[in-house]
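Take a moment with the sequence and the model below. The paragraphs that follow go from the whole chain to its parts.

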Amino acid sequence: MPNESGTCVLCGERRLLTGEHIFAAWIGRLSAHAEPNTTALIFSRGVRKIEVVDLSKRGGHKNNTVNVLCESCNSEWSSDIQQATRNILKPILDRKVWFISLLERKVIAVWASLFVGIRQYAHGAIPVISAEKMKVFYNSKAKIDKLEPFKGINVWMGSFDGDHEFSARFAALRLAEEVHYEDQPNTYICTFAFGNLIFITWGSVESAKNDQLIPGTILLQQFLRSMGMCEIWPGKVPFQENRPESLTDDDLISLLDAAVRVIEHAVADSIRLPNW
Ligand SMILES: [Zn+2]
């Protein structure tokens, strides 16, 4: 994707946007091969158009980028987040350990917030996390341990042994009293997998809606625990020390849809918005 001028979704400055990898470079280097024969709809924000990208021609998901960050945010601002996350996840990806301390869990939650904030722009739906909220996230950074995850974000991680590496899916929902009120999504669910790890994150950007989300969250937690997934954030449950049984490609494909259904059933007035 060519560089284009636009508003950076992190710092809010109008600059040249340089093409942020949905999967950071250190993740791309984990695997020699990437999933071929897949297409993705990429929302190119600077010119507000959607292009269909054949990822097999671009070398797979690890070359999948969205033009939403400026050079400074892409390389400098996010570099210590990526580095800190890499240091925590590398021994787990190498199957040497299966443990993350409470402090490390916060680092992962910050990194997952950044991932979701970028991933939401990879399709044409209206972004769930607004430019204002992204700016708050940007401004909270002085040091990695000062940076706060998105308020209300839930992050879970599991073991994965499928072939569909570099997969990321995003669902936008509206939790509202008015069934026909559907102009702006306020709730996100994002699943992604790389190497032998699979993640699911969800949350609402409105505090009041996060309360509304609680029944869905409780059901979803039970569902994820039954699948062997572990809570990373908000970090109320001790992290289990033994690697759980691995999830498969079928689980990867059904996880997002299952999570959407759980939340829709638990929160009666939720509306599912179109997404890819
Ligand atoms: Zn920027």
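How much accessible surface does the protein chain have, and what share of it belongs to carbon and sulfur atoms? The surface comes to about 12200 Å², and 52% of it belongs to carbon and sulfur atoms. Such areas come from the Shrake-Rupley method with a 1.4 Å probe, and for residues only the protein chains shown count as cover.

The model is predicted: local features need pLDDT of at least 70, side-chain atom pairs count only at pLDDT 80 or more, and totals for chains, interfaces and linings use all residues. Residues are numbered from 1 along each chain as its sequence is written, and side-chain values use heavy atoms, with hydrogens and water left out.

The protein chain has 7 helices and 12 strands. These are DSSP runs numbered from the N terminus: helices are H or I with at least four residues, strands are E with at least two. Of the 276 residues, 55% count as buried. Buried means under 20% relative accessible area, exposed over 50%, and partly exposed in between (1.4 Å probe, protein chains only). Contact means heavy atoms within 4.5 Å. Among contacts with a separation of 6 or more, 73% join residues 24 or more positions apart.

Now the interior. A nonpolar core is a set of buried Ala, Val, Leu, Ile, Met, Phe, Trp, Tyr and Cys residues joined through side-chain atoms within 4.5 Å. The largest one has 61 residues. Leu89, Trp111, Met157, Phe194 and Phe199 have the most contacts inside it. Helix H4 (residues 102–119) gives the largest share of this core, 10 residues. A second, separate core has 24 residues, including Leu175, Ile200, Leu252 and Leu256. Look at Phe199: leaving aside neighbours within four places in sequence, its contacts include Leu89, Trp111, Met157 and Phe194.

Next, the zinc ion. Which residues are its protein donors? They are Cys8, Cys11, Cys70 and Cys73, each through SG, at 2.3 to 2.4 Å. Donors are N, O and S atoms within 2.8 Å of the metal (3.2 Å for Na, K and Ca); water is not among the atoms, so sites may look incomplete. The site is tetrahedral, with angles of 104 to 115° among its 4 donor atoms. Four donors count as tetrahedral if all angles lie between 85 and 135 degrees.

The donor spacing in sequence is C-x2-C-x58-C-x2-C. Cys11 lies in the loop between strand E1 (4–7) and strand E2 (14–17), and Cys70 in the loop between strand E6 (65–66) and helix H2 (71–77). This pair, 59 residues apart, links distant parts of the chain. Cys11 counts as buried because its relative accessibility is 2%. Cys70 is buried too, with a relative accessible area of 1%.

Terms used:
Tetrahedral: all angles 85-135°; square planar, octahedral: opposite > 155°, others 65-115°.
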